Structure formats: structure tokens, C-alpha cells
Amino acid sequence: MTEQQKHFPEFYVTTSQPCPYLPGRLERKLFTHLTNDKPLALIDNLLKGGFRRSQNIAYMPYCEGCHACVSVRIVVDEFAPGRSMRRTLERNRDLVSRRVSAIPTSEQFSLFRSYIDARHSDGGMADMTVLDYAMMVEDSVVRTFLTEYRAKPDYALDTHEDTWPLTAVALCDRLSDGISMVYSFYEPFEEARSLGTYMILEHIDYARRLGLPYLYLGYWIEGSRKMSYKTRYQPQEHLGSSGWVRVPHKT
């Protein structure tokens with residue numbers, strides 16, 4: 001094997017499985033293993049070019065006759081929150097965000113289990129153990145970080161920030177031109193806070209402060225109500241056969 005072949009990723013295709021987003025359809029994935037011997041620039045280009053990361057696997061949809069999954073990224077510098085998003089920011093003024101290393105904790109896992117049990121008990125992550133969670137966080141060859149959101153209590157002056165209630169967590173990758181949101185979870189019974197929206201807004205602001213032009217949100221899937229929220233963040237670009245293209249707001 002030549003040095004060039006060693007660094008070039010080998011791709012595989014999964015068998016067909018029922019699509020979790022569009023009833024009656026089948027899904028397949030094209031995937032490759034991310035390893036330390038692969039150049040970081042190559043991995044970066046994969047993640048900017050439509051692949052998503054799950055631990056040390058990069059994958060993208062490879063479904064026969066279906067192109068519903070479309071990679072989405074927000075144009076950070078031009079984004080301005082609308083009225084409802086500004087209300088979400090106001091409702092969460094008591095939250096303090098902190099970037100931490102991708103190191104799992106029992107506190108995070110407890111919140112993760114509460115979120116999964118309440119929101120996705122019939123999904124693919126329902127049986128995840130503490131070891132599975134640790135691998136999801138730690139198993140990465142790219143610049144991965146966590147953002148913890150803690151609610152500032154009324155008695156904050158008497159306590160350390162680490163003891164404040166953990167309300168939400170976002171797992172993200174730092175790419176050369178942006179931040180990719182890999183997975184996020186939050187206190188499931190704080191519905192009034194709209195924490196999923198808040199974390200996206202907060203990461204848009206973080207990317208802007210870092211001077212990064214994009215926030216990657218993964219796939220938008222036309223016809224899937226679960227993914228419809230992603231169209232709210234404008235302006236945005238979608239990845240097509242000719243590259244990233246600015247698209248009008250889809251409802």
C-alpha cells in the first residue's frame with residue numbers, strides 16, 4: 001500500500017434499513033472510518049462537504065432514488081434573530097454557557113438519559129449506556145468540544161458555577177470554516193425555554209465571535225416535521241451537486 005493509498009479513506013455502504021424520517025422509505029449510508037493516520041485537512045473537507053460525524057465514523061445518505069436529505073449551514077454574519085428568537089434569548093438570560101473539553105461526566109449522562117427517555121424513548125439512542133455516551137463524546141479525531149449551559153440561581157454569589165443546575169449540553173466540532181453541531185440535549189421539562197432554539201442561537205453568536213462564517217446544522221429533510229425547524233435560521237446555504245448554494249426560506 002502506498003502512502004497516498006494509506007491516507008485516502010475507504011468507503012463502505014450499509015444495508016437498507018427503514019428510514020426514521022420518511023415513512024415507507026428505505027435508507028442507506030455511505031461511510032468511512034476516521035482515523036489518526038488520515039490528514040486533518042481531508043477529514044475537515046469531508047465534514048464540510050456533506051458528511052456527518054458519529055464518533056469516528058463519517059457518513060452521508062446514500063439512498064437509491066431519494067435525495068431528500070440536504071446538508072444545511074447558516075451564514076453567521078448575516079443572521080439576525082426574529083422576534084420569537086429574541087424572546088427565546090430573553091427567556092434564557094439566566095443561562096451561563098461554558099466551553100469545556102470533550103470529557104463526559106455523570107452529570108451530563110444523567111441529563112442525557114432524562115432527555116432521551118422523555119423525548120426519544122423509541123429512537124435509536126434509547127438503549128445507550130453510560131459507556132455508549134462516553135464514546136459518543138470522547139471518540140473523535142477532530143477538534144471536538146462541549147458547551148454546558150447552567151442556570152444561574154438566585155443564590156449564585158454563595159456558590160460555585162460548577163454547582164449550578166446543568167440545563168443543556170451541546171457536542172460540537174470545530175471545522176476550518178465553522179462549527180458543526182453534532183448532538184445536543186437538554187432538560188426535557190423546561191419547554192418554555194425553547195432550549196434547542198437557544199443553543200443554536202448561542203452557537204451562531206459564538207461562531208461569529210470566533211470569526212467563523214458558518215454554523216453547520218446537519219441535514220434538512222423535506223417532508224420531515226422533525227427537521228422543519230432548521231429552515232427558521234436565515235440566511236442559509238444548502239449543499240447540492242454544484243456545491244453550497246444560498247436558498248430562499250422554505251416553509
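How many salt bridges does the count come to? By the rule used here, 17. A salt bridge is a side-chain nitrogen of Lys or Arg within 4 Å of a carboxyl oxygen of Asp or Glu.

1. Basis. This is a predicted model, in which local features need pLDDT of at least 70, side-chain atom pairs count only at pLDDT 80 or more, and totals for chains, interfaces and linings use all residues. Residues are numbered from 1 along each chain as its sequence is written, and side-chain values use heavy atoms, with hydrogens and water left out.

2. Side chains of opposite charge can pair when their charged atoms come close. Glu-78 and Arg-246 form a salt bridge through their side chains, at 3.0 Å from N to O. This pair links distant parts of the chain, 168 residues apart. Glu-78 sits in the loop between strand S7 (69-75) and H3, while Arg-246 is in strand S14 (residues 243-247). Helices (H or I, at least four residues) and strands (E, at least two) are DSSP runs, numbered from the N terminus. Glu-78 is partly exposed, at 46% relative accessible area. Arg-246 is partly exposed too, at 43%. The classes are buried (under 20% relative accessible area), exposed (over 50%) and partly exposed (in between), with a 1.4 Å probe and protein chains only.

3. A pair within helix H6. Asp-205 and Arg-208 also form a salt bridge, with the closest N and O atoms 4.0 Å apart. Both residues lie in helix H6 (residues 195-210). They are three residues apart, about one turn of the helix. Asp-205 is partly exposed, with a relative accessible area of 33%. Arg-208 is partly exposed, with 31%.

4. Arg-93 and Glu-90. The side chains of these two residues meet in a salt bridge, 3.0 Å from N to O. Arg-93 is exposed, because its relative accessible area is 63%. Glu-90 counts as partly exposed, at 44%.

5. A network. Salt bridges link Arg-98, Glu-107, Glu-148 and Arg-150 in a network. Glu-148 belongs to strand S9 (residues 143-151). Is Glu-148 buried or exposed? Glu-148 is buried, with a relative accessible area of 5%. Glu-148 and Arg-99 are 49 residues apart in sequence, yet their C-alpha atoms are 6.5 Å apart in space.

6. A positive patch. Arg-83, Arg-86, Arg-87 and Arg-91 gather in a patch of positive charge on the surface. Patch residues have over 30% relative accessible area and no salt bridge; like charges are joined within 9 Å, and nonpolar side chains (Val, Leu, Ile, Met, Phe, Trp, Tyr) within 5 Å. Lys and Arg count as positive and Asp and Glu as negative, with His and the chain ends not counted. The charge is placed at NZ of Lys, CZ of Arg, CG of Asp or CD of Glu. Arg-86 is in helix H3 (residues 83-91). Arg-86 is partly exposed, at 45% relative accessible area.

7. A nonpolar patch. Val-130, Leu-131 and Met-135 form a nonpolar surface patch. Together they have about 280 Å² of accessible area, by the Shrake-Rupley method with a 1.4 Å probe; for residues, only the protein chains shown count as cover. Met-135 lies in helix H5 (residues 130-138). Met-135 counts as partly exposed, at 36% relative accessibility.

8. A buried threonine. Thr-32 is in strand S4 (residues 29-33). Thr-32 is buried, with a relative accessible area of 1%. The Thr-32 side chain reaches the backbone oxygen of Glu-10 at 2.8 Å.

Key
Polar contact = N/O pair within 3.5 Å; in protein donor to acceptor, adjacent residues only side chain to side chain.
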